[in-house]
Amino acid sequence: MKRSLPCLTLALIASSALATPKDALVYQIASATASVEPAQAIATWDVLPVQQMFEGLYLNNFGKYEPLLATSFTQSKDGKVTTFTLRKNVKFHDGTGMTCADAEYSLRRTFLVGSETSLAAQIRANLLSIPGFTPDVKKTYTFAKLANTVKCNAAGQLVLTLDRNVPSLLDSITQTYIVPMKTLVAGGDWSGTAKDFGAFLGKDVSNSVMAQKPVGTGAYGFVARDPSRFVMKAFDGYWGGAPALKNVILQKVDSDTARVLALQKGDADIALIPDRDTLAKLKGVSGVTVYEDLPTRDLTSVVLFNQNIKDDKLLPAGQLAENNIPANFFSDIHVRKAFAAMFDTKTFVKDGLQGFGLSRNTTLPPNNWADDKTLKPPPTASRPLRPNSSRRSAASCGPPASPFPCPPSVAVGCLRWWPASTSRTSSN
């Protein structure tokens, strides 16, 4: 199986700290890569290099789950026990072979370390129903329990035993990356035993040995980094075959304009363009190819109403209030429906997103495994509501003593937009 680098933004700009290697694909990004610790990384520009250097048992290929470091799995009838058959002849970047012990350690470590904002915390919440390591959780969450949850069997398979059937199991498994146990232990990380279990419970590992010098099984290995660049090179020992691109550089360039100019001049290989008006200007530029409708796992332009605001100072003053909007402003369902109804989704998709959007009735993208195809997009206003019509509806549907009128009832919706990327084709 061949892996490819997801489309992003690249530009080749000289750096005094790191020399640019030959045969390099330069990818310009808007923010610097912070931590590439696989259990901690959650920001886009951290996850990008993590996914090139590390792998999970399965890959989420935009809604289709494909084997990576596991070749297959079986499940018990109740869905609680999942047995993974591991891929053979897989090597880490340091040349050591991956074993079931590495996979066992990796899953156990993911279920142990990581701050509340980490990727590991999200995985624990989904698979183990542990939203955080509260004092009550710490009383029952022991090393013995963790060891029984993840273990290797006599056949060298990895067995995951959960308290319940988790439909989104594979989604979490794709984000649980396999790391070399010996390297981590030698670097002062969790020993994999009960002796330091408590010390690593929920520990922030952003600066772990894996963050400082990443060693994974991915198609690209770590070379070097400085505040503006992150350099990787093709791993010749990759189980899926050596990548065609020999070097990849993620380069931080703050200015949207600078990234666009770099692409136009041929200094950038790939660029993530900030808006579609700018994108339109690049169409037809010699050597530049614009890619539309790139697949995505995420949604943007999602409007969520916080119904439990404690302090009205968190809400700004405006036309609706002389001082601050009341803290309970969105606690009234009719107010939430009013805001949803007044938003002209069709016009926003047509003009704001230039047709590259989709009205949704869920926060899940269409390629998500849990997407319900039977849900219809929410009804939306084709034009702004007239004040008189809002006032008329208030008497019939507004709650007692509500100062806010409510329009006809509609569901709160969200939008999905399709990202676009540009790349420069070499004339060589």
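This is a predicted model: local features need pLDDT of at least 70, side-chain atom pairs count only at pLDDT 80 or more; totals for chains, interfaces and linings use all residues.

User: What makes Cys152 count as partly exposed?

Analyst: Its relative accessibility is 27%. Buried needs a value under 20% and exposed one over 50%, so Cys152 lands in between and is called partly exposed.

User: And why is Cys100 called buried?

Analyst: Cys100 has a relative accessible area of 11%. The cut-off for buried is under 20%, so Cys100 qualifies.

User: How do you know that Cys100 and Cys152 form a disulfide?

Analyst: The S to S distance is 2.1 Å, and a disulfide asks for cysteine sulfur atoms within 2.5 Å, so the pair passes. Searching the whole structure gives 1 disulfide. Cys100 sits in helix H2 and Cys152 in strand E6 (residues 150–152), so the link ties together parts 52 residues apart in sequence. With -110 degrees about the S-S bond, the link is left-handed.

User: What makes helix H2 mostly covered?

Analyst: Of the 11 residues in H2 (residues 100–110), 10 are buried. Among them are Cys100, Asp102, Tyr105 and Leu107.

User: Why is Gln40 called buried?

Analyst: Gln40 has 8% relative accessibility, and the limit is under 20%, so the label is buried. Gln40 is in the loop between strand E1 (24–29) and helix H1 (44–53). Leaving aside neighbours within four places in sequence, its contacts include Gly114, Leu119, Lys203 and Ser206.

User: What makes the pairing of Gln40 and Ser115 a polar contact?

Analyst: Their side chains come to 2.7 Å, and the cut-off is N or O atoms within 3.5 Å, with one able to donate a hydrogen and the other to accept it. The backbone nitrogen of Val205 is 3.4 Å from a polar atom of the Gln40 side chain.

User: Is Gly287 buried, exposed or partly exposed, and what is its relative accessible area?

Analyst: Gly287 comes out at 28%, so partly exposed is the label. Its place is in the loop between helix H10 (276–282) and strand E12 (288–291).

User: What is the average pLDDT of the chain?

Analyst: The average is 80, and 77% of the residues score at least 70.

Notes:
Residues are numbered from 1 along each chain as its sequence is written. Side-chain values use heavy atoms; hydrogens and water are left out. pLDDT is the predictor's confidence in each residue, from 0 to 100. Helices (H or I, at least four residues) and strands (E, at least two) are DSSP runs, numbered from the N terminus. Buried means under 20% relative accessible area, exposed over 50%, partly exposed in between (1.4 Å probe, protein chains only). Contact means heavy atoms within 4.5 Å.
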